[in-house]
Amino acid sequence: MSRLLTLAVLLLGGALTSGPASAEAPPVLQLTLPGAVEMALTGHPAMTLARNRRESAAVSVTAARGAFLPDLQGSAGAVERYAQQPPPGDGGDSRTLNLDLSSSLNLFNGFADVADLGAARRRLDAAGGELLRQQQTTAMNAANAFIAVLTSRELVTVAEESLAREKALLEQVDAFYRAGSRSVTDFYRQQAATAQAELDLLDARRNLEVAGLQLLQSLGMEPPLVVEPLSPDPFALVAVLQGIDAGQTLALAWELRPDLLAGIRRIEGAEEEVRRARGGYLPRLDLTASAGTGYSSLSSGRNLNDQLTRDNGDASVGLFLNVPIFDRFLTRTGVAQARIGQSDAVAEVARLRQQIGVEIGQALADYRRAELQLTVSRAQLDYARQALDAAEARYRVGATNWIDLADARATFVRARGDEVRARQGLLQQSLAVGYARGDLETLLPLLTPRKEKS
């Protein structure tokens, strides 16, 4: 199954890259963000469960339609009788054969069958909406895991560059110490800072490995496959979401959100359930028909064919009217339960509308914060870079101490990490707006791989 899913993703835009021919090297799969989402929608177990629920609802519709058709039943019975001491005039041993065919058709049952079919169709529509929302949820989870890998990968690069800087500074401090222009304390402090940078790099690589495993899980895949994400343009959705209005977004969400539409269909289905339950107060009318024939060896002088085709055949047609008089309150309690279910469905939709309002407001607020956070983090990174350059220059000429230089370096590394998180966070919050609005699938195709500058 994993191989089939991998091939499907390759057709959707992924590229399978073979590593060295060794047992230790796992296969590497390069994926775009839309490609990763397509793989998740194909292979994630949550999608299989959602499709099964929709298929079950479709089967229920077929079963409800069958209530409008007549049934047909056939029966056959053969008996052989052995008489040990037959009385006078009895033929002794005998054989009988009976063949019967019957059918019944409900003509009226208080519209319960019509209501049952209507409820089944509403449940099918609701299951379709739930399937679509599950697709969006699976896509959003896969996108979040994809972006987490991108973020962790960039943070590994930041940690590697930081370690290289610390090692270079260690060599510089060692030279200054040997020349007698710096104290041994600076040398030991720089050794400790270099070791800390090595530990930070180990943590960053560990986080990248864990993020990769979580991405595999969100895609419905298993190790030892390794996914290599292709970075999309983090600003690809900024133009689409520019000037977005909270009121219009909320109104659009009420029109688009599949889970809300599914809730409305469940209300309609609950109304049909009440109608079906109320059918128990009305009479039931059925049309029945039957035909049969038989054979008995005791009928002297008549062969099997004559008895079955001419002598013993019979047929009947009838109408049966059942009028409910007292059913031990089954209909009354059934209607009460159906009305409770209807009330629950209405309350669930009201709760969902309130939840959508909160989700839209939070998504837009988080998106605007992500925009501002990226602007601020880039400014902080620029200032931190300038401060580090100045601190390094002053330290080389002995105009500042090691502590000031260490603070400048730590501030620069922290600013670089914040810029990486803010840039990827803007992409994540852009997708979160689409998820809250209910049209995430329209934003994903815009996230093509970013072209690297030559």
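Start by selecting Leu282, which sits in the loop between helix H8 (258–278) and strand E6 (284–296). Helices (H or I, at least four residues) and strands (E, at least two) are DSSP runs, numbered from the N terminus. The model is predicted, so local features need pLDDT of at least 70 and side-chain atom pairs count only at pLDDT 80 or more, while totals for chains, interfaces and linings use all residues. Residues are numbered from 1 along each chain as its sequence is written, and side-chain values use heavy atoms, leaving out hydrogens and water.

Leu282 is partly exposed, at a relative accessible area of 36%; buried means under 20%, exposed over 50%, and partly exposed in between (1.4 Å probe, protein chains only).

Next, show H8 together with helix H10 (residues 330–396). Their axes come within 8 Å and cross at roughly 170°. Axes are lines fitted to C-alpha atoms, for helices over the stretch in contact, with angles from 0 to 180 degrees between N-to-C directions. H8 and H10 are therefore roughly antiparallel to each other, a label for angles over 145 degrees.

Stay on H8 and select Glu273 and Arg276. Both lie in this helix, 3 residues apart, about one turn. Glu273 forms a salt bridge with Arg276, the closest N and O atoms being 3.2 Å apart; the term means a side-chain nitrogen of Lys or Arg within 4 Å of a carboxyl oxygen of Asp or Glu. Arg276 is partly exposed, at 36% relative accessible area.

Now select Arg266 and Glu130, a salt bridge whose closest N and O atoms are 2.3 Å apart. This pair links distant parts of the chain, with Glu130 in helix H4 (residues 112–179) and Arg266 in helix H8, 136 residues apart. Glu130 is partly exposed at 35%, and Arg266 is partly exposed at 33%.

Finish with Arg437 and Asp439, whose salt bridge has its closest N and O atoms 2.9 Å apart. Arg437 is buried, with a relative accessible area of 10%, and Asp439 counts as buried at 10%.

Methods
Parallel < 35°, antiparallel > 145°, perpendicular 65-115°, else oblique.
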